[in-house]
Amino acid sequence: MKFIGVDNYSRLFQDRLFWKAIGNTLKFLLLHIPLQLVVSLFLAYLLNQKIRAISFFRGSFFMPVIVSGVVVTILWQQLLGYDFGLINRMLMALGFSKIGWLVDPDVAIYSIAVMATWKNVGLYVILFLVGLQTVPTQYYEAAKMEGATKWQQFYHITLPMINPTVFMVVILSTIGGFSLFIEPYIMTGGGPLNTTLSAVLYIYKQSFQYYNMGYSATLGFFYAIMIMTVVILQKKFIEKEV
Amino acid sequence: MRRIRIKKVLMYVALTVAALTFIYPFIWMIGASLAPRHEVGTMTIWPTHPGLENFKTMFEKIPIGRSLINSLLVAIFTTSLVMITGSMVGYALAKMQFKGRQLIFYVIVFTMSLPFQITLIPNYITMINLHLVDTFFALVIPFAVSAFAILMFRQAFQGLPQALIDAARLDGCTEIGIIFKILWPNIKPTLVTIAILSFIGSWNEVLWPLIVIRNEELMTMPQLVTLFSVGGRADSQLGVKIAAAVLLALPVMIAFLFFQKHFIQSMASTGMKD
């Protein structure tokens, strides 16, 4: 092995495609995290209302979590197809025009973000459900006596009480989102115009398509430090909010 | 009273729509895998002339049976090793006194906080240097020790009374015997949790096999299906691709139907995924 000092790092900072891949991953997270939070909290809230057949609903939300990402991606490829995809067919039937879910450079990464949310949301529903069940019912009763609306109860009692879960969900979906790989690898190969090239996919391509092992290891190291920094910042920020 | 009832109905409607969004694609997938070629592209759930044609073509075109066995072997070996190594290290950390115990514990916790991207390429280079690329070992050894399993076992063992161990020692039981014969029967929930998580994790792992395995005979099922899907071989044969996805999903889905509660508890207890 040869020591080449900081060469790989100076290359990294000038590597436009790497920064584009980072940007794509951030765009992905920008939709993925809030969507994940809102949908999972909403579904958990519904499940917490003394619902019948709860294990059926819980089980169906959870199904995509345990199935391989490869399966989920192949399925969604059919849903999101331009000419024959289910979603475009539904749009056409309703009189709208088709959308290039995976072929439009402005849309593709967000389609993937929605798909990734669909895959993981069941896990977070369960985490929120556990969180919601720890809120003592007396709090709601007291609030009701004071005349608080449902929304006020949610905002002033539920949300502060389940803050640790919110924090956990944000951190877990951040870490999960930063490892985005198999979805773009199968669905788009990183295209159109490299708009769905995720950072991990780029690192993978650097090592196993262009055979730049050393450089790719540098990218991996740098990227991992970046992830840890983001997670620590999130932690600081959320703790301050509490 | 009436308002409450309307609200309840709305809630069930919302939940049902949500449940369908999650289940429909899977039901469609199973239907499509049984459909004849010209019907695969449609979105109906049940084909008019169901048959196993797609599965037959799949077994002829790609070594999917072989990959199924590979995946099973990898998952079984990985899970067994994780449970053996995890309980041995966890036992030492929980119940034995030695110098540096705390330090080792913190080092293990620290490795958990590292994103896998940092170790991906170094691990691959290690595999090259050990001449393990394109061998079964490359799929198992990097996953044989799990920091997470160690912590779970440590926690479970800490909850057990010391008297249990002392009594076994008096009877002349070895330390290994204590772990597997005396303590294991007392921590069944932990065993189930770790077994499920590690099996599912191994079964669904795809990035690592893509990196270390080139020989089609050694490929795991997710890997083979991925390469089949992106390699252009499946372009004209949507039905075969779907059939491959069904075969990949079915074992996990069936296990999930039977052990739903255990699956959900395991995953929720950790907040981990994949």
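Colleague: Is A:Leu102 buried or exposed?

Modeller: Keep in mind that this is a predicted model. A:Leu102 sits in the loop between α5 (86-93) and α6 (108-133) of chain A. A residue counts as buried if 20 or more other C-beta atoms lie within 10 Å of its own. A:Leu102 has 23 other C-beta atoms within 10 Å, so A:Leu102 is buried.

Colleague: Which residues is A:Leu102 in contact with, leaving aside its neighbours within four places in sequence?

Modeller: For a contact, the C-beta atoms have to lie within 7 Å. Leaving aside neighbours within four places in sequence, that gives A:Leu80, A:Ala108, A:Ser111, A:Met187 and A:Thr188.

Colleague: Moving on to the two chains, which element gives the most to the side of chain B that touches chain A?

Modeller: The contact takes 55 residues from chain A and 45 residues from chain B. On the chain B side, the elements giving two or more residues include α1 (2-33), α5 (117-129) and α13 (238-258) of chain B. With 10 residues, the one that gives the most is α1(B).

Colleague: And how many nonpolar residues are there in the contact of α4(A) with α13(B)?

Modeller: The axes of helix α4 (residues 69-80) of chain A and α13(B) come within 9 Å and cross at roughly 145 degrees. From α4(A), the contact uses A:Val70, A:Val71, A:Ile74 and A:Leu75, while α13(B) brings B:Lys241, B:Ala245, B:Leu248 and B:Ala249. By class, that contact has no polar residues, one charged residue and, to answer you, nonpolar residues numbering seven.

Notes:
Residues are numbered from 1 along each chain as its sequence is written. Chains are lettered from A and ligands numbered from 1 in the order in which they are written. This is a predicted model: local features need pLDDT of at least 70, side-chain atom pairs count only at pLDDT 80 or more; totals for chains, interfaces and linings use all residues. Helices (H or I, at least four residues) and strands (E, at least two) are DSSP runs, numbered from the N terminus. A residue is buried if 20 or more other C-beta atoms lie within 10 Å of its own, exposed if 12 or fewer, and partly exposed in between; C-beta atoms are placed from the backbone. Two residues are in contact if their C-beta atoms, placed from the backbone, lie within 7 Å. Axes are lines fitted to C-alpha atoms, for helices over the stretch in contact, and angles run from 0 to 180 degrees between N-to-C directions. Ala, Val, Leu, Ile, Met, Phe, Trp, Tyr, Cys and Pro count as nonpolar, Asp, Glu, Lys and Arg as charged, and the others, Gly among them, as polar.
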